[in-house]
Each structure stands twice: as structure tokens, then as C-alpha cells.
Amino acid sequence: MKKRALISVFYKDGVLDLARYLVSRDWEILSTGGTKKHLADAGLPVTDVSSVTGFPECLDGRVKTLHPKIHAGLLAIRGNPDHMKTMADLSVDTIDLVCVNLYPFFEKVQAGLSFDETVEFIDIGGPTMLRSAAKNHADVLVLTEAADYAEVMQALDGAAQDTSKVPMDLKRRLAGKVFNLTSAYDAAVSRFLLGEAARPASEASPLWPQYLTVPYRLSQSLRYGENGHQQAALYLTADSTGAFGGMKQLQGKELSYNNMRDLDIAWKAACAYDGFVARLPADFPASARASLAADSAVCVALKHNTPCGAATGKTVLEAYSKTFLVDPVSIFGGIVGCNKTVDREAAAEMVKTFLEVVVAPDFDEGALEVFSAKKNLRLVRAEIAPNGATETIGVDGGILVQERDNVLFNEWKVVTDKSPTAEEAADMAFGMSMALFVKSNAIVVVRDGVAIGVAGGQVNRIWPTEQSLARAKALTDAGFPAADGTSSTKPATVMVSDAFFPFADCVEMASKYGIRSIVQPGGSMRDQESIDAANRLGIAMVFTGARHFKH
């Protein structure tokens, strides 16, 4: 009996070579629609599927291959006498190879089409044929991507065109690719109809679907993971484009796993300030709101996934220079994120120290020229602001999923006799936007739009309080650039905490270092002790009602 192959592809790369090979080996080719025309126009003999099924293509192409004469031909077990007798009784011939790729739903769901237009790109016949062929992979070869065509042709030659003699490892691998593809495809359709986790499509859709299916597509294999003995890879969502999907590396060595972890936080932290300034609560002081420059440049330096410095400035050069001065030791070998285009002047300052990565919305020609002298420095252009709805972390046998921490302040409640000045309130907003990215327990000390003391990752709150205050004092005592550009020994006056103070000791320590205003979520059973201490020491304290733990 003549071997038959059914070919129906949206992406036609390499399909003519495959079809020519099969025809030259005396295979009959079945096809439909555009693929049939593509093959016929190339001079290849093609049998229309309708002539096999005895049923015309209908419903605007929705029904082409959904027919027993197709699926029986795919699912019949060749070594099962009952199956083969049924096939003979029904006059159904076997199909021995299926080559199918699917309608481009991953792309079309992002194309801004209407709901009804998008629905038309949900492939039904393609996945159905693939699943049938993959289930019966012992007898049927199944192809979903052009990268496998050459290997299959070589295997068929080695098996004298007998699919039963093609190595089972290859057939099983190809079948596995089918279900890998169709599960991701169905996940994208599910997310289109239900919405993604934490972003339901409608009020009636679940916030957390019963099954969390996300179509992640392999973007690249990495040299290693967090350590040299760990394998690693980067996957990106196939049905949506997040920040990483909009990044382009302009120069430098390949990004490592650790680089990417830091890159993610650096870009989120650099973008956070602008987003939060636009969403401050209504009771945030109007005088402070006016002093917050929405177009400020922001630079953040990271090391081991933790900010070691951050600052605002009128220019990227100013913001970076202050960020560097906060901790010139830790920034060495670190990653820098900026929310504005990096120019020549900023680049000339950055290349004075060893940096692993610089990420920004863009780099001007002058900056690219300066950076080109540092061949290994990775430059990453990030064109998309962070937009993910959720964060996930693996636990043994599962994952934890939560909404991203996208609320800076739930409220602005002055709980002391004294209120912060407009400048202090502005520093509080900036400081808290950075504290979100510091491991708990996080304390950030701020002066003039600079996170001048950053400490976190400790098991109690008094240790990072002391560390951040001492670090800030050392810098200001030595003279640190003030808002007007001059060097000043003025102490920092604002302290930010990601969570409440369980005791008054942190407030008392802050007073010893000259802190005049503290912002924290509140919520402790002992809040009044901290409030009383602040009033006694002449410190303004604001509760925000929004805790920012980061583990």
C-alpha cells in the first residue's frame, strides 16, 4: 500500500523540500487550502482531502479534516488485526505522516483584533490531527516544526520508508513536541477567554483559575544557572509581551542567569518611581506632590538582586553620579538601571567602574560610542515597562502565585503632632518606591532624592535600621552632594521602613542620627509606643497602610 502524508501548514518554511522528498520516495500527499495550492504551484502532485473524505470543505474553512476517514487513518493501530479489518470494511486507508503547524494564535491575540476576529484564529482541525497522530506515534510520524524535517527524512531513508522501523526514540520525541505545543496553544486560548491569573476577563471569571496554564516559550538556553553546576534557560510568554520580551542586548557578553535576575529588578526599580508618583493617594500633601518631578531621571544600582544605591536627578548623569557615591564599593560588578535615555556624559561616568549590565529605555549614539570601548559590558535597551500582573516562586511540588506589589501607599496618615515638610514627604515617596525592592527587613534612609542608606535582609528590624543610618551618616559627614549640587554635611532626615516597628527602639535610634520624619505602614499592636516616642523626640511619622515585605 502506498504511504500517505497529510501536510497542512500555516508557516511554509521548508515544506517544499519535505514534500519533494516524499514524492520522490513514492508517497502520496494529501492537503487542503493554501498549503495544497502552495504545493501544486510548485509542480507537486497533491490529493485534496475532500476527495478522500467525500465531504467538501465548509463553514468558511472551519471544517476540512474533521472526518472519520482522516482520523481513522491516523489512529488505526497497524498491528491490531481488528483495527485493520475495520479499516478495510470501511474502505479507509492509513495516513503515515502528518505535518501540521497551527494558526498564529500566539501572535494574533496580541494584535489588537476584536474578540470575534481573534476567535477565528483558534485552530481546531490542526491540533486535532496532531493529537491523533501523536497518540498513534508508533505508526505515524508527526511533524510540527521545520527544524525536524531533515532528521525525519534521514530516518525514513534509514528505515526504507517503513514508519514502523523509524527509531521509537525519534517518534516519541516528535509526539511529545505535539502535546508540548498544543498544551501551550490551549493555555493561550484559555487565558484569552478567562483572563490570566489575577487579571480575570470579566467579573464572573475566576481570579485564580482552577489550572494555572501559561504558555511559556523557550527564548534561550543559558550557560548555567545561579551556580556553575546548575543548568538554566529563559522562557518568555508566547501570548503576551512583557518587559523581557521588549529587551534587546546591544553589546557585551551573553547575559547569565544571575544577570537576568538582577536585570529584572533593576528595570522594575528604575521604572517604579514614575508609576507610583502618578498614583499617589489623594491625601498625599499637595505641596509635596508639586515637588515630585515626574520627568526626573532615576538610577538604581543592584548587586545580588538587592539595591545598593538609588537616586533621582535632573539628568541621568546626576542621578547615576549620586547613585555611585552611595556605595562605590558594592556597585563594582553590579547592574545599573535607568528610566531615561543614557547619553554620552552619563556613559563616560559609568565606564569609570566595572559594571556587568546597564539597562535603559535607550542609549544615544554618543553613549554607544563610549560604551563600545568596554566590549564585555552588556547594554540592554528596554522598550517595554514592567507590566506583569503576578509574581511566582517555586515550592517543592508547586508554585506560589501572588499579585505584584503595585500599591505604594494605601493612605497618607500623619499620626504624630508634627507633619513632614513637603521635601520630606517627597523623599518618603521616593524612598518607599525603592524599599519595595530591598529584602525584608528593609530600611531606606533618604536625603534630597537619594537613597543614601540602604539595608535589609536581616532577621530583625533594629539591625538594618542601625546599618542604614550609620551608612548614611558616614556619607553625609564626609560631605555628600546636596540638591543644589554643592557638597553638604547636612544629615539625612527621612527614614523609610517596609513594615511596622514592633517596638519604639527603631524610632529612638533614628532620632540619634538626626532623622526628622519616618514613614512606615503601621499595623503593630504597639504602634502607640512608636508614635509616643516620635512625639517625644520631635519626629513626624506617617502611616501608609501598605506593607512591602520582600522575601
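The structure is a predicted model, and every value reported here is computed from it.

Of the 551 residues in the protein chain, 47% count as buried. The secondary structure of the chain comprises 19 helices and 25 strands. Among contacts with a separation of 6 or more, 58% are made by residues 24 or more positions apart.

The dimensions of the chain may be set against a reference. For a compact globule of 551 residues, a radius of gyration near 24 Å would apply, whereas the protein chain has 31 Å. The C-alpha trace spans about 95 × 55 × 40 Å along its principal axes.

Helix α17 covers residues 462-478 and helix α18 covers residues 505-512; their axes lie 10 Å apart. The angle between the two helices is about 10°, and angles under 35 degrees count as roughly parallel; α17 and α18 are therefore roughly parallel to each other. The residues that meet are listed by helix below.

| Helix | Residue range | Residues in the contact |
|---|---|---|
| α17 | residues 462-478 | Ile-462, Thr-465, Glu-466, Leu-469 |
| α18 | residues 505-512 | Asp-505, Cys-506, Met-509, Ala-510 |

By class, the contact of α17 with α18 contains five nonpolar residues, one polar residue and two charged residues.

Notes
Residues are numbered from 1 along each chain as its sequence is written. This is a predicted model: local features need pLDDT of at least 70, side-chain atom pairs count only at pLDDT 80 or more; totals for chains, interfaces and linings use all residues. Side-chain values use heavy atoms; hydrogens and water are left out. Axes are lines fitted to C-alpha atoms, for helices over the stretch in contact, and angles run from 0 to 180 degrees between N-to-C directions. Helices (H or I, at least four residues) and strands (E, at least two) are DSSP runs, numbered from the N terminus. Angles under 35 degrees count as roughly parallel, over 145 as roughly antiparallel, 65 to 115 as roughly perpendicular and the rest as oblique. Contact means heavy atoms within 4.5 Å. Ala, Val, Leu, Ile, Met, Phe, Trp, Tyr, Cys and Pro count as nonpolar, Asp, Glu, Lys and Arg as charged, and the others, Gly among them, as polar. The radius of gyration is taken over C-alpha atoms; the globule rule is 2.2 Å times the number of residues to the power 0.38. Buried means under 20% relative accessible area, exposed over 50%, partly exposed in between (1.4 Å probe, protein chains only).
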